[in-house]
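I opened my notebook to look up rings and the nonpolar core in this model. Here is what I wrote down as I went.

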Amino acid sequence: MGSGILFSYPQLATLAGLQGVLVYAIASACPLLIFAALAPLIRRKCPEGFVLTEWTRQRYGIVTALYLGALTLLTLFLYMVAELSAIGQVIEALTGLDGLPVVIVECVVTTVYTSLGGFKISFITDNIQGAMICCLIIIATITIGAKTEIKPDLIADSGLLNASLVGWQLVYILPVAILTNDFFLANFWLRAFASKTDKDLWIGVSVAMVVILIVLTLVGCTGLIAAWSGAFSPDGDGSVAFFLLLEQLPSWVVGIVVVMSVCLSTAAFDSLQSAMVSSASNDVFRNRLNIWWIRGAVVLVIFPVVVLALKAPSILQIYLISDLLSAATIPVLMLGLSERFYWWRGFEVLVGGLGGILTVFIFGTIYYGDAQLGGELILLEQGLYTGDWGAFGAFIAAPVGGLLWGFGALGVRLTVQYIQAKMRGTRFDALDHPTIMPPEDSDALASVSEEVTATKVTGKFF
C-alpha cells in the first residue's frame, strides 16, 4: 500500500458512501487469497518459476509470455506513475510546497538502495511500511476522534449511508478489476513464490488480508467523516477529502502524516522498481543481460514516470486503466491452469486479451453512439461515477469479450490446422494432449517436495 490510498479510498467514500467504502476495502483485501491458492498450484506445474510469466512461457510459449511480460511492465509503469503522483499531491496538499523535489529525492533514494540490496531490501522496507501504517492509523484514529466534531444534520443530508447505483455497480466492478489486476503485479508473485511452505504462504496472506481490510476501511471512512464534519463540500473534489479533514487537526499531526506518507510511498515504490527489474530481466531478456543494464534501463524509465506523475489527473483513473487491461487478459490466460483445457493455446490468449479491449471500444461506441466516446471508455476518462452504465458495461465487455474472442480464435486455429493436415496428408493432432517431458533432475525435485509435479509441458502458441 502506498500513499495513493489516501486519495482513492476517501474519494470513493464521498461518492458511493459507506457501501462504496466497504466494497472497495473488501475487494482490495480478499483477492490476496488468490495468491495463496494459485501460487502452490503454479509452483507444482512450474517448479523453477518465480513469477507468473514463467508459467505462461511454459504453458503457452514465448509469444504469449512476451505479451504477458509487456502487460506486466505496463502495469508496473502505471502503478509507479500513480505512486509518484500521489506523494507529490500529498506534499502539496499538506504543506503547500512543490512536490517535485520530494518525488525526485524518493526516486534517487529508492534507486540507490534497491540497486545495492536487490529485492531483499524491499522485504525490509515492507516491514517498516507495516509498522508505519499501524502508527499512522493509531495516531489518525485517536486525533480525528478527539478533535473532529460530527454534525448530525450533515449525516442525514449527505445520503452517504444509503445504497446507490454506483455502490451496487462497484459490487461487481471492483472485485473483477482488482482481482485480475493483482495477477499483473510481479511484486506480489515474487513474495508468494518466496514463501518457504504453502502453510507459511496461507498464514502470511491471511494476516495481510485482515490488516489491509482494517486499514483501508479506516482510511476510506475519513471521506465520510470529512463530509459529516463539514470539512468537505458535496460539490468539491473527493480525492482531497482526507487532507481537508487533516486541516482541522493540530499541525504536529499533519507533520507526522507527511513523514509517514513519504515512508509509505518509498516502500511501495521500491517494490515496484524491484519488480520491474525482475520482470524485465526474466521475462524479456531471460536473465542473459547483465542486471546492471536492466537497472540502468529502469532508471531511464523513471524520467517519463515523473513527467506523467506531475500531469496525472486522477490516481484512481490510472488504476482503472490497468484494471481494464487485466480484466480482458487474465480470464483467457487462467483457463490454461485447468487440465481440461489442455487444447487451449497462446494464440487464443493473445487474441482474447486484445479482443477484450476491442470489445470495450465496440460497446462504448454503441452505448454512447460515438466512436470517440467509445475510445475514451477504454481509458475510463469519465471515471466510475458518471451515473450511467458505461464503466459497468466496460468491465463486463472486457472479460466476456475476451473469452468470446478467445474461443473464436480457437475455432480459427483448429480450422486452419485441420485444412493444413488434410493438405499435407497428415493426422489432425491439434486436440491431442501436449507432449510431457520429464524435468532434467526429477529425482532431486521429488526429494525436495512430494507435491512438486515432475512434469513439464511444452508450451505452444499456435
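I started with the rings: this predicted model holds 19 aromatic pairs. I looked at Trp 343 and Trp 344, which pair edge-to-face, with 6.1 Å centre to centre and 70 degrees between the planes. I then checked the accessibility of Trp 344: it is buried, because its relative accessibility of 0% is under the 20% cut-off.

Next I turned to Phe 347 and Phe 461, another edge-to-face pair, at 6.0 Å centre to centre and 90 degrees between the planes. Which parts does this pair tie together? I found Phe 347 in helix H14 (residues 346-368) and Phe 461 in the segment after strand S2 (456-457), so the pair joins parts 114 residues apart in sequence. Phe 461 has 23% relative accessibility, so I noted it as partly exposed.

I also wrote down a cluster: ring pairs link Phe 35, Phe 183, Phe 188, Trp 189 and Phe 193.

The charged end of Arg 295 sits over the ring of Trp 292, 4.9 Å from the ring centre.

Then I moved to the largest nonpolar core, which has 131 residues. Leu 52, Trp 55, Trp 189, Leu 333 and Met 334 touch the most other members. Helix H4 (residues 62-95) gives the most to this core, 16 residues.

Last, I listed the contacts of Leu 52, leaving out residues up to four places away in sequence.

Technical notes: Residues are numbered from 1 along each chain as its sequence is written. This is a predicted model: local features need pLDDT of at least 70, side-chain atom pairs count only at pLDDT 80 or more; totals for chains, interfaces and linings use all residues. Side-chain values use heavy atoms; hydrogens and water are left out. A nonpolar core is a set of buried Ala, Val, Leu, Ile, Met, Phe, Trp, Tyr and Cys residues joined through side-chain atoms within 4.5 Å. Buried means under 20% relative accessible area, exposed over 50%, partly exposed in between (1.4 Å probe, protein chains only). Helices (H or I, at least four residues) and strands (E, at least two) are DSSP runs, numbered from the N terminus. Contact means heavy atoms within 4.5 Å. Rings of Phe, Tyr and Trp (its six-membered ring) pair if their centres lie within 6.5 Å; planes under 30 degrees apart count as stacked, over 60 as edge-to-face and the rest as tilted. A charge sits over a ring if NZ of Lys or CZ of Arg is within 6 Å of the ring centre and within 35 degrees of the ring normal.
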